[in-house]
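Hello,

Please find the structure we discussed below. My notes on it follow.

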Amino acid sequence: MKSSNRKLVPLTFSLIATCFATMNTATAQPKETIYDEAKVPQYTLPDPLAMADGAKVADAQAWREKRRPEVLRLFREHVYGHNPQNSPAITWEVTSTDKQALGGKATRREVSVFLLGKKDGPKMDILIYLPNNATKPVPAFLGMNFDGNHSIHADPGITLSKQWMRTNNDKGIVNNRATEASRGKSTGRWAMDKILDRGYALATVYYGDLEPDFAEGHKMAGSIRSASGSATTPGAEWGAIGAWAWGLSRALDYLQSDKDIDAKRVAVMGHSRLGKTALWAGAQDERFAIVISNNSGEGGASLSRRRFGETVERINTSFPHWFCGNFKKYNNNEGALPVDQHMLMALIAPRPVYVASAAEDLWADPHGEFLSAKHAEPVYKLLGTEGLGGVERMPGLDQPVGKTIGYHIRTGKHDVTDYDWEQYLKFADRHFKRGRP
Ligand code: GCU
C-alpha cells in the first residue's frame, strides 16, 4: 500500500545496540518523522527474559509456563486487544474446484468459511491453488491479500469479490467494488509459478472479508468485530489487526481438514499491515509452523521505541482502528509500553520466523525490523535454536542471513517481489526439510 509518508532518503545504519542496560529512556521528543539514524533518541527495551515482577526466566520451562503467557497477555491488553473467547467452530462449503487450472498446472479450490458456524453470519472466502505434480498432502503458504482473491492472479476462474474495497481506478475498483478490470492486479506480489513449482500450495483470503479497512469498517454488516460483540473491558478489545489475525487462524482451521494440505507445514505470510497481522497470528497460534513478515514496519517487526520512520502516535492517528484502545496511551510515550516488538517475535519461538525489509522502505524502519529479530534471539537460544546463527549486525543489501530467524534487506521499495518469495521458499524448504539446508 502506498503512503504519502514513505520517503526515499539515504540509508544510514548504526551499530546494533546489544545491551539493554546501556540505553537511556528517551525524554523530550521531536514530532517530525526521523529518517536520520543519528537523530534517533535513546531508548531502553524491556528484557524478554525478565518477568514483569523482575524475576529472571532461567529455562525453557519458565518461558513456556510463565513468561510466554505473560507476554501474550501484555500484547493483548496493551497492543492488539483480546480475541473473543468461545466463538463457535467454523463451518464451510467448497464452492468451486478446477483440477485443470493454470493450464493444468494446479488445482484451484474456493471455499466459503462461515466464521461463526452459520451461513447467515460473517464469512470469508479462501482461494487455494494446489500443485498438480506433487505428492499430497503438500505444505502451504497462507497469506491475506489487499484487493480481493481475484487480484492475485488473472485466472478468470477466480470468483470476483463482492466485498467493500477502497476505490482505486488503477486497480479497477469502482464505487468500492471490484470489477472485471480488477483481475490479476496484484499478480506481481504472488510468485504463483515459483510456489507451485516448488511443491507448495498457496492459500489466500481477502482481508476485507473479516473487516473493511477503514476507521468505521467494524460497524459494517458482515464484519467479524460487529458480529462478535465485546470480548473484554473497553480499551482492551481487539482491533482490526486482531480480527484479521483471527481470520488467519480460522483459515488454518479449514486447512487442517483439507486432505491435500499438510497443515503441520503451513507458513503464514503477510506484507505491510498484513505482515503485522501475520506476526500477530503466528505469535498467538502455535499451529503456524513458520511466520513471515514482509516490510511489516511499525506495529509489526520494527521496534516501537525506536523513533525512526512511522511512530506509535502516527500509526494510531492514521489508523485508529488497527490496534486496541489502550495502545493509544503509548502515543509519544512508547517507553511506558510493557512490551516491544522483539517480544512479539519471541512469542513465535522456537518456530522459524523470517523478517524482510526493503532498502527504500524507511517508513517501516528496516534497521528497527532487524533489531527486533536480534533482540528476540535470547528467547530462541533459550529454547535451543540457533536464532540468527551468529549474525551480529544488519547484513548488506540482498544478503539473506540467519538460521531459525531469517532476515534480509532487499534493494528497492515497499513491496513483495519474486526475490522475497525466493528467500521464503528457501527458508521453508530448509525448515520443512525439503532440499538442501
Ligand atoms: C501505511 C502504514 C503502515 C502500513 C502500510 C501498509 O504506510 O503507515 O504502517 O504497514 O500503510 O499496510 O501498506
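How do H1 and H8 lie to each other? They are oblique, a word used here for angles that are not under 35 degrees (roughly parallel), over 145 (roughly antiparallel) or 65 to 115 (roughly perpendicular). The axes of helix H1 (residues 60–80) and helix H8 cross at roughly 135 degrees and come within 10 Å. Axes are lines fitted to C-alpha atoms, for helices over the stretch in contact, with angles from 0 to 180 degrees between N-to-C directions. The crossing of H1 past H8 is left-handed; that term applies if the near helix is turned anticlockwise from the far one by less than a right angle, and right-handed applies if clockwise.

On provenance: this is a predicted model, in which local features need pLDDT of at least 70 and side-chain atom pairs count only at pLDDT 80 or more, while totals for chains, interfaces and linings use all residues. Residues are numbered from 1 along each chain as its sequence is written, and side-chain values use heavy atoms, with hydrogens and water left out. Helices (H or I, at least four residues) and strands (E, at least two) are DSSP runs numbered from the N terminus.

H5 passes H6 in a right-handed crossing.

The sheet

An open sheet is formed by 10 strands in the order S1-S2-S3-S7-S4-S8-S9-S10-S12-S11, with mixed pairing; two strands pair if DSSP finds at least two bridges between them. Strands S1 (91–100) and S11 (401–402) are at the edges with a single partner strand each, so one side of each has no neighbour in the sheet. S1 runs antiparallel to S2 (residues 106–114), and 7 bridges join them. In this pair, Ser 96 is opposite Glu 110 of S2.

Cavity and pocket

Both terms refer to a 1 Å grid over the protein atoms alone: a cavity is a set of points where a 1.4 Å probe fits but cannot get out, a pocket is an open set with protein on both sides within 12 Å along at least five of seven lines, and lining residues have an atom within 4 Å of a point. Points are joined across faces, edges and corners, and a volume is the space filled by probe spheres set on them.

The whole structure has 1 cavity of 30 Å³ or more. The largest cavity has a volume of about 120 Å³. It is lined by 13 residues, and Met 144, Asn 145, Phe 146, Arg 189 and Trp 190 are the closest to its centre. Strands S4 (138–145) and S8 (261–271) are the elements that give two or more residues to this lining.

The second largest pocket has a volume of about 370 Å³. Of its 20 lining residues, Lys 123, Asp 125, Thr 159, Ser 161 and Lys 162 are the closest to the centre. S3 gives the most to this lining, with 4 residues.

Backbone

The peptide bond between Lys 136 and Pro 137 is cis, with omega about 0 degrees; Pro 137 is in the loop between S3 and S4. Another cis bond runs from Ala 349 to Pro 350, with omega near 5 degrees. Asn 176 is not a glycine, yet has a positive phi of about 65 degrees.

Regards
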